[in-house]
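Me: I want to learn how to read the features of a protein model. Can we work through one together?

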Amino acid sequence: MIKKERMKVLNHKELAPSIFELTLQGELVSEMNQPGQFVQVKTTEGTEPLLRRPISISSYNSSEKQFTMIYRAEGKGTTLLSQRKEAEAVDILGPLGNGFPVHEAKQGETALLVGGGIGVPPLYQLSQMLVAKGVTVIHVLGFQTKSAIFYEKEFSELGDTYIATVDGSYGTKGFVTTVIDNLEQEFATIFSCGPTPMLRALEAGYREKKLFLSLEERMGCGIGACFACVCHTGDDPTGFSYKKVCSDGPVFRAGEVVL
Ligand code: FES
């Protein structure tokens with residue numbers, strides 16, 4: 001069920017330049033049961049900006065009633081959000097959207113988790129849930145440069161973790177696909193989240209795998225009102241049939257929507 005709640009800030013810190021990790025506590029966490037969902041955040045106590053911002057859930061702990069999100073402070077709203085202090089309250093609406101289908105990876109199988117930039121966070125909860133059910137996980141995470149990297153240690157504790165940077169300042173120089181093309185391990189399923197060019201490259205190169213894509217970077221308002229997130233469906237020759245990333249997704253099976 002979707003709830004609205006003023007949640008308490010437990011922890012708020014900058015992980016990398018303009019990348020913030022915010023942990024909140026409240027009853028709403030009991031509604032979270034799927035990795036890859038998101039919440040709508042009222043970024044300010046004032047009236048401006050009016051619209052909530054969609055931010056993905058990176059992990060949650062039901063017994064502690066806590067969840068964590070990682071976001072980039074870039075516009076007015078998220079910059080205001082980044083100034084919230086411990087013990088203050090943040091107005092949250094959620095959980096929203098359809099997340100990653102954990103059941104698609106079976107115990108004993110290997111899953112590849114591929115993230116790009118601010119698309120990395122939702123993979124963290126997913127990875128923990130896959131490991132808990134006996135799936136071996138491999139992470140391939142792409143960033144622009146060394147200083148932008150976050151959560152390498154957290155992912156490494158769950159499974160093999162490879163980093164790619166566009167400028168080559170850390171890990172493999174290039175893109176996530178540069179790493180995947182040279183992987184020796186076999187894997188049955190790919191779960192991914194990141195910018196559209198990355199998702200397109202995965203769809204083009206690994207369609208024979210079970211491939212799931214989170215298009216969360218395509219979201220605008222996050223509540224079905226702006227149509228910024230509309231994608232045409234892959235099986236419709238007329239071009240009139242579409243899905244909304246915010247309410248039908250953000251996770252889709254490869255081919256379900258045209259990227
Ligand atoms: Fe605005 Fe989906 S993000 S309609």
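Me: Where is K65 placed?

Reply: K65 sits in the loop between strand 4 and strand 5. Strands here are DSSP runs (E, at least two residues), as are helices (H or I, at least four), and both are numbered from the N terminus. This is a predicted model: local features need pLDDT of at least 70, side-chain atom pairs count only at pLDDT 80 or more, and totals for chains, interfaces and linings use all residues. Residues are numbered from 1 along each chain as its sequence is written.

Me: What is the phi of K65?

Reply: General idea to begin with. Most residues other than glycine have a negative phi. K65 is not a glycine, yet its phi is positive, about 55°. S18 is another case, with phi near 70°. S18 lies in the loop between strand 1 and strand 2 (19-25).

Me: Are K65 and S18 buried, exposed or partly exposed?

Reply: Count C-beta atoms, placed from the backbone. A residue is buried if 20 or more others lie within 10 Å of its own, exposed if 12 or fewer, and partly exposed in between. K65 counts as partly exposed because it has 17 C-beta neighbours inside 10 Å. S18 has 15, so S18 is partly exposed too.

Me: Which peptide bonds are cis?

Reply: The general rule is that most peptide bonds are trans. The bond from G94 to P95 is cis, with omega near -5°. P95 is in strand 6 (residues 89-96). A cis bond also joins G249 and P250, with omega about 10°. P250 lies in the loop between helix 6 (245-248) and strand 15 (251-253).

Me: In what order do the strands of the barrel run?

Reply: Look at pairing. Two strands pair if DSSP finds at least two bridges between them. Here six strands close into a barrel in the order 1-2-5-4-3-6, with antiparallel pairing. Take strand 3 and strand 6: they pair in the antiparallel sense over four bridges. F38 has L96, in strand 6, as its bridge partner.

Me: Which residues does UniProt list for "binding site"?

Reply: Treat such a record with care. UniProt positions are given in the numbering used here, feature names are shortened, and annotations may be inferred rather than shown by experiment. The unreviewed UniProt entry lists R53, P54, I55, S56, I70, Y71, R72, G77 and T78.

Me: Why do I55 and G77 count as buried?

Reply: I55 counts as buried because 26 C-beta neighbours lie inside 10 Å. G77 is buried because it has 20 other C-beta atoms within 10 Å. I55 lies in strand 4 (residues 53-61). G77 is found in helix 1 (residues 76-81).

Me: Which residues are they in contact with?

Reply: Contact means that two C-beta atoms, placed from the backbone, lie within 7 Å. Leave aside neighbours within four places in sequence. I55 then touches F38, V39, V41, M69 and Y71. On the same terms, G77 is in contact with T43, T44, P49 and R53.

Me: How is the protein divided into domains?

Reply: Domain bounds come from an automatic or database domain assignment. Domain 1 is 3-96 and domain 2 is 102-253. Their contact takes 20 residues from domain 1 and 22 residues from domain 2. On the side of domain 1 that touches domain 2, strand 1 (3-16), strand 3 (38-42), strand 4 and strand 5 (66-72) each give two or more residues. Strand 4 gives the largest share, six residues.
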